[in-house]
Amino acid sequence: MVKFQPPRSLFLAVDGRRLDPGNLFLPVKEGAELAVSCVVEGGHPPASLSWQLTPNHQPGLNTTVGLHPHMSEAHLGTVLRAHHNSTVTCMAKHQALAHPLNQSLRLHVQCKSITLIHIFYIQDEF
């Protein structure tokens with residue numbers, strides 16, 4: 001007989017640092033690469049992890065399975081201006097849970113400055 005144990009918690013990490021679940025905003029520079037890890041604690045068998053980017057932009061998230069079955073990673077190869085205020089969500093589904101666990105963060109894209117130069121031509125009439 002298989003005994004199902006639900007996961008205890010779920011958290012997100014960037015650069016190996018666990019993110020504070022109370023802080024939803026993640027500052028990221030335009031043009032940078034972003035990798036977010038999702039780790040589920042506990043659960044037998046391991047929970048199924050999936051990702052969502054809302055709204056769905058192109059290019060979207062690339063996902064990989066982590067070093068162990070309780071971890072997954074999502075990658076944005078290049079953070080774009082269009083990703084500003086987008087939400088990255090990790091969801092953990094498990095047979096022992098009525099509803100999936102989820103953790104989200106909102107991207108605060110720090111845009112590169114753009115310099116616009118206006119050139120006006122005045123045509124002399126002879």
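## A tour: disulfide, pocket, serine

A search of the whole structure finds one disulfide (a pair of cysteine sulfur atoms within 2.5 Å). The model is predicted: local features need pLDDT of at least 70, side-chain atom pairs count only at pLDDT 80 or more, and totals for chains, interfaces and linings use all residues. Residues are numbered from 1 along each chain as its sequence is written, and side-chain values use heavy atoms, with hydrogens and water left out.

Select Cys38 and Cys90. Their sulfur atoms sit 2.0 Å apart. The S-S torsion is about -80°, so this disulfide is left-handed. Cys38 is in strand β4 and Cys90 in strand β8 (residues 87-93), so the pair ties together parts 52 residues apart in sequence. Strands are DSSP runs of E, at least two residues, numbered from the N terminus. Both cysteines are buried (under 20% relative accessible area, with exposed over 50% and partly exposed in between; 1.4 Å probe, protein chains only).

Now jump to Cys111. At 40% relative accessibility, Cys111 counts as partly exposed.

Next, select Ser72, in strand β7 (residues 71-76). Ser72 counts as buried because its relative accessibility is 6%. Show the backbone oxygen of Thr64: a polar atom of the Ser72 side chain lies 3.2 Å away.

Last stop: the lining of the largest pocket. Select Val14, Asp15, Arg17, Leu19, Leu26, Pro27, Val28, Lys29, Ala32, Glu33, Leu34 and Ala35. Two or more lining residues come from each of β3 (25-29) and β4 (34-41). β3 gives the most, with four residues.

Technical notes:
A polar contact is a pair of N or O atoms within 3.5 Å; within protein, one must be able to donate a hydrogen and the other to accept it, and residues adjacent in sequence count only if both atoms are side-chain atoms. On a 1 Å grid over the protein atoms alone, a cavity is a set of points where a 1.4 Å probe fits but cannot get out, and a pocket is an open set with protein on both sides within 12 Å along at least five of seven lines; lining residues have an atom within 4 Å of a point.
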